[in-house]
Amino acid sequence: MTDVAEVLASLRRAPDVEADNLTAVDASDRLILTEADAALAEVDGDRVAVIGDRYGALTLGAAAAHGLTGMRVHQDPITGEQATARNASRLGLASAYRSHGLDEALVRGARVVLLQLPRSLAELTEIAETVARWADPAVTVYSAGRLKHMSRSMNDVLARSFGEVTATRAAQKSRGLIARGPVRTDPPTYPARTPVPELGLTVVAHGAVFAGGSLDLGTRVLLPHVDHIAPDARRVVDLGCGSGLLAIAAARARPDAEVIASDRSAAAVASARATADLAGVTLTVRREDALADEPDAGVDVVLCNPPFHEHTAVHTGGAEKLVRAARVLRPGGEMWTVYNGHLHYRGLLARTVGPTEIVDRTPKFVVTRSVRV
């Protein structure tokens, strides 16, 4: 065994954004490990599933405390997977776990589930239903979150998939929810299908995908421009694609072009692929961090609706990372970006990509066109 406090103190977020107000471990991680400690001492690692571990605190903390190996882990962002792998390698704990999708293989026969509560109730619903469907009937789910991001609705979501849900006492502004007695939901809620008549398609959305099955406001502002952007473009990227609506619009407008839908989220990639398939549109869909798998200077157009949150912290580092991905544009290539007007990304785009003009503005959003120099 290894000292748990030392393990947690050593964890880094890289390759995800790092900053003074962004931490790799918080009190909710420690609370989950404390509440689950006795249960973890009684099971082998292959009976443990970890879901939503941000940078390895739950996985590597459990491994350090109990010498567990072979735990099954699901992390929606690929950056979380990569950070956990780096942390595990540095600590000599690479054998502690295996990465999985949010599926049967993740939780089949699990007796203990460690869960960092997501803010999205849709994501929590899909997680809870997956655990209840496939885990051991004697499973216990140990979950927690920061009080400021929790709501009574989380209890209600868990109660639809488990017969018993209890709350722990608050500790360091965090609270735990412990669930037992799985109740199977048939059919499962996710992936959900939502018709979007104005686009003539149905969105297939997993719980964790941004905006779910709806057409989010930023995408709605950028979409009317997609038909007219660089009509001769041969390679187009929807960066941070979500459910893939911008990519699908680009593929419809340019049937001879290669259109790539890229996102760091496993749920987004699965949603974009399923939505495109249902719409009869061919896309190249990739899960990657800010186009890490794409070489420089080979793309004609990048479409981007960047986030302005890093998990629960308001921080523009994630958006800045996406803007730097404009390295994939050929000289003269265009980056079209939509963002909340109060964020003032135009200067960042001009410095990082090239000359940037505002081509559309609403009371809330700005659309810009940047040309790679």
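How many strands form the open sheet, and in what order? Seven of them do, in the order 12-11-10-13-16-18-17, with mixed pairing.

## Ground rules

This is a predicted model, where local features need pLDDT of at least 70 and side-chain atom pairs count only at pLDDT 80 or more, while totals for chains, interfaces and linings use all residues. Residues are numbered from 1 along each chain as its sequence is written, and side-chain values use heavy atoms, with hydrogens and water left out.

Helices (H or I, at least four residues) and strands (E, at least two) are DSSP runs, numbered from the N terminus. Two strands pair if DSSP finds at least two bridges between them.

Angles here run from 0 to 180 degrees between N-to-C directions, and axes are lines fitted to C-alpha atoms, for helices over the stretch in contact.

Helix 10 (residues 266-279) lies across strand 11 and strand 12, and runs at about 170° to strand 12. Contact, by the way, means heavy atoms within 4.5 Å.

Is strand 10 (residues 235-239) mostly covered or mostly open? Mostly covered: five of its five residues are buried. (Buried means under 20% relative accessible area, exposed over 50%, and partly exposed in between, using a 1.4 Å probe and protein chains only.) In a regular strand the side chains alternate between the two faces of the sheet. Here, Arg 235, Val 237 and Leu 239 point one way, Val 236 and Asp 238 point the other way, and all are buried.

On one pairing, strand 10 runs parallel to strand 11 (residues 258-263) over five bridges, with Asp 238 opposite Ala 261. The chain gets from strand 10 to strand 11 through helix 9 (residues 245-253), and this β-α-β crossover is right-handed. That label applies if, with the strands pointing away from the viewer, the path from the first strand over the helix to the second runs clockwise.

Strand 10 also pairs with strand 13 (residues 299-304), in parallel, through four bridges. Leu 239 stands opposite Cys 304 there. Cys 304 in turn stands opposite Thr 337 in strand 16, where strand 13 and strand 16 pair in the parallel sense over five bridges.

Glu 334 belongs to strand 16 (residues 329-340). Why does Glu 334 count as buried? Because its relative accessibility is 12%. Its side chain makes a polar contact with the side chain of Trp 336 at 2.8 Å. (A polar contact is a pair of N or O atoms within 3.5 Å; within protein, one must be able to donate a hydrogen and the other to accept it, and residues adjacent in sequence count only if both atoms are side-chain atoms.) Leaving out residues up to four places away in sequence, Glu 334 touches several others, including Ile 229, Asp 300, Val 302 and Ser 370.

Glu 334 also forms a salt bridge with Arg 369, with the closest N and O atoms 3.2 Å apart. This pair links distant parts of the chain, 35 residues apart, since Arg 369 is in strand 18 (residues 365-371). Arg 369 is partly exposed, with a relative accessible area of 24%.

## Other salt bridges

A salt bridge is a side-chain nitrogen of Lys or Arg within 4 Å of a carboxyl oxygen of Asp or Glu. The whole structure has 22 of them. Arg 235, Glu 258, Arg 286, Glu 288 and Glu 294 are linked in a network.

Elsewhere, Glu 104 and Arg 108 meet at 2.4 Å, N to O. Glu 104 is partly exposed at 33% relative accessible area, and Arg 108 is partly exposed at 44%. Asp 186 bridges to Arg 184 at 3.3 Å; Asp 186 counts as exposed at 56%, whereas Arg 184 is partly exposed at 46%.

## Strands 5, 6 and 7

Strand 7 (residues 174-182) pairs antiparallel with strand 5 (residues 140-146) over seven bridges, and Ala 144 stands opposite Gly 176. Strand 6 (residues 162-167) is antiparallel to strand 7 over five bridges, with Thr 166 partnered by Ile 178. Strand 6 and strand 7 form a hairpin with six residues between them, and Gln 172 in the turn has a positive phi of about 50°.
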